[in-house]
Every structure is written in structure tokens, then in C-alpha cells.
Amino acid sequence: MVISLQIPMSASLPSSSYSPSIRPKTLSNFRTLCAINARAKAKIPVPPINPKDPFLSKLASVAATSPETLLNRPANSDSPPFLDLFDSPTLMATPAQVERSVSYNEHRPRRPPPDLPSLLLHGRIVYIGMPLVPAVTELIVAELMYLQWMDPKQPIYIYINSTGTTRDDGETVGMESEGFAIYDAMRQLKNEIHTVAVGAAIGQACLLLSAGTKGKRFMMPHAKAMIQQPRVPSSGLMPASDVLIRAKEIVTNRDTLVKLLARHTGNSEETVAKVMRRPFYMDATRAKEFGVIDKVLWRGQEKIMSDVAPPEDWDKGAGIKVVDGI
């Protein structure tokens, strides 16, 4: 966009004598005036374009009515350029006018900011915050493979808040193979896997929690873990023979889950199978006793306990002398 200085017709010819036939003469006068100004080395600054800005509106009005005010400026003026046109200068537009201006969007980022999972992935954090459906499994496995490719020596942190292959009400939303797929990907990695339960780790999610590197499995103080038998998905109008085949597959998945949990928790398969007959809920302390995790993450607890001085140091600092053990 270009702001042009328009000279009214009254500056060159009377309004009564104006006609299309003398338009070339008017243009000739305008070119003559521009040539004179060019020889005088006059410069007309062009402010940023914002039609709603009162400063620009005033400046354009002055340029249209009396351009000599802008062209014949003193060399040394006490006032900043163009501010002498105002009795009380307005240096900026209102926020609403700025928002509607064209130049407002020039300072916005050219591309959208990264999403939260991408920022967590940059910190080598994989967050499982949904039931294990195929889309979630695909994303988690891809993130694990990517982090190993980026650096096979740095640990990977998996934060778990998932109900596994079921919903909160117990309805099946995914096959047991979804959890086994993430488990196999974790076991194939060269990196250390630090697992942290931050809300709930139920069913297959509890298996993923226990499958972390020994000594690097953590749980928040108020998180919950629960192991349960795989559930039979809705059979619908399946024939009886197909229902039997699916039931056998569920029993196979249950036995596999029992073996894996026994391996990672240090319990016997009989013990795990016994507690899995019904939903077995564990708080942080009970999960540590059962072998699902290695440590409860009390924020700052370790540092606080390490900073506590023994009683002898307290007595010495208070100026108390211990005589004969008294």
C-alpha cells in the first residue's frame, strides 16, 4: 500500500473552470510541483500503514489539504517530526484498532507452537494417559523407538495413568495384545526404562509399570495399582463355537499375564494367580511390598531426611555437654 498526496483542484484551478478537457494541465502542474520538491531535496516520510490510527488519519488529512506543511519543514525543529501538527499528540491507537490493523499479525509466530506430547518427548518422557487402544499403542511404540534412535544410552521415563485395556466401568476397549505390544517394545530397548505411576495403573498398565528397570520403578504416594484377569469382549451375535475360541484366547492371555507379573514382581505364579481371581487393588505401600514398584516418590522426603542432623549434633550446637552418657 502507498499513501499518495492528493492536491485539491482548487490549488491549481477554480472549481468552476474544471472540466475533463483541462485534466492534462492539472497533471502537468502536479508534476511541476513534484519536480520542484525533488530539486529542493525534500523527503516525505511515509508512516506505517494503519487506516484506523488517528495519527495517520490526521497526517493524511494535512497532506491532502496543505501539503506545503509537510514539504517545507524547518531543518532544525524542536519538536519531533509531524508531532507539531497536534495540539495534544496521540502516539498510539487503541487496542481494538491495533487488533484490526494489518500490521498486528506480522509479529505472530509463523508456525504453531509444539504440542505438549512433543515437549515431553523432547525431555525423553513418554506419557500413557489413556486406555490402551490401537492408536495409543501405535504412538507409544513409535515414541520408544524414536527415543532409542536419538540416544540409546540415556534413560526413558514412562509416566502411567491408564486403565489398561478396559475403561473405568470395566468395559473392554482394546485387546490384550495392545499391552503386550508396548511391553515387548520396552523389553527390546537398550535404554533404561524408568516407570512412574502418577494416577492409576490397572491391568495391562500395571504390567508396564512393573516392567521397568529394576530399582527404577516408582509410584506417587496416592496412585493406585490393580491387577485383574483379562475380560472377554462383547461377543454380540457370534456363534457358540466362536465364543469358545475367544474364551480360550482370553485364558491364554491370562496365563501369559500371570507369568510376566510373577517374573517382574518376584512372586510365584501361584501367588499372582491367586490374587488375580478378583480385582487386586494396591496403594503405593502395598505395591512396593508386592514387588510392583521399588520406591514411593515422596517429594523431597529423601533430601529432608538426609539434611536432618543427628541428636548429638543438635546437643553440640546448643552447647549441651554429655557426661557419662547422660
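Rings of Phe, Tyr and Trp (its six-membered ring) form an aromatic pair if their centres lie within 6.5 Å, and planes under 30 degrees apart count as stacked, over 60 as edge-to-face and the rest as tilted. The views below come from a predicted model, in which local features need pLDDT of at least 70 and side-chain atom pairs count only at pLDDT 80 or more, while totals for chains, interfaces and linings use all residues. Residues are numbered from 1 along each chain as its sequence is written, and side-chain values use heavy atoms, with hydrogens and water left out.

**View A. The aromatic pair Tyr-146 and Trp-149.** A search of the whole structure finds two aromatic pairs. In the pair of Tyr-146 and Trp-149, the ring centres are 6.0 Å apart and the planes meet at 40°, so the pair is tilted. Helices (H or I, at least four residues) and strands (E, at least two) are DSSP runs, numbered from the N terminus. Tyr-146 and Trp-149 are three residues apart in helix H6 (residues 134-150) and are therefore separated by about one helical turn. A residue is buried under 20% relative accessible area, exposed over 50% and partly exposed in between (1.4 Å probe, protein chains only). Tyr-146 is partly exposed at 38%, whereas Trp-149 is exposed at 66%.

**View B. The aromatic pair Phe-280 and Phe-290.** This pair is also tilted, with 5.4 Å from centre to centre and 55° between the planes. Phe-280 belongs to strand S6 (residues 280-282) and Phe-290 to helix H11 (residues 284-290), so the pair ties together parts that are ten residues apart in sequence. Phe-280 is buried, with a relative accessibility of 12%; Phe-290 is buried as well, at 11%.

View C. Among the buried residues of H9 are Ile-250, Leu-257, Leu-261 and His-264. Their cover includes helix H7 (176-188), strand S5 (224-227) and helix H10 (269-275). After H9 comes Gly-266, whose phi is positive, near 85°.

**View D. Ala-262 in helix H9.** Ala-262 is found in H9 (residues 240-265) and is buried, with a relative accessible area of 8%. Leaving aside residues up to four places away in sequence, Ala-262 touches Asn-267, Ser-268, Glu-269 and Val-272 (contact means heavy atoms within 4.5 Å). Ala-262 and Gly-291 are 29 residues apart in sequence and 9.2 Å apart in space, C-alpha to C-alpha.

**View E. Helix H7.** The buried residues of H7 include Glu-176, Phe-180, Tyr-183 and Met-186. Among the elements that cover the buried residues of H7 are H6, strand S2 (156-162), strand S3 (193-202) and H9.
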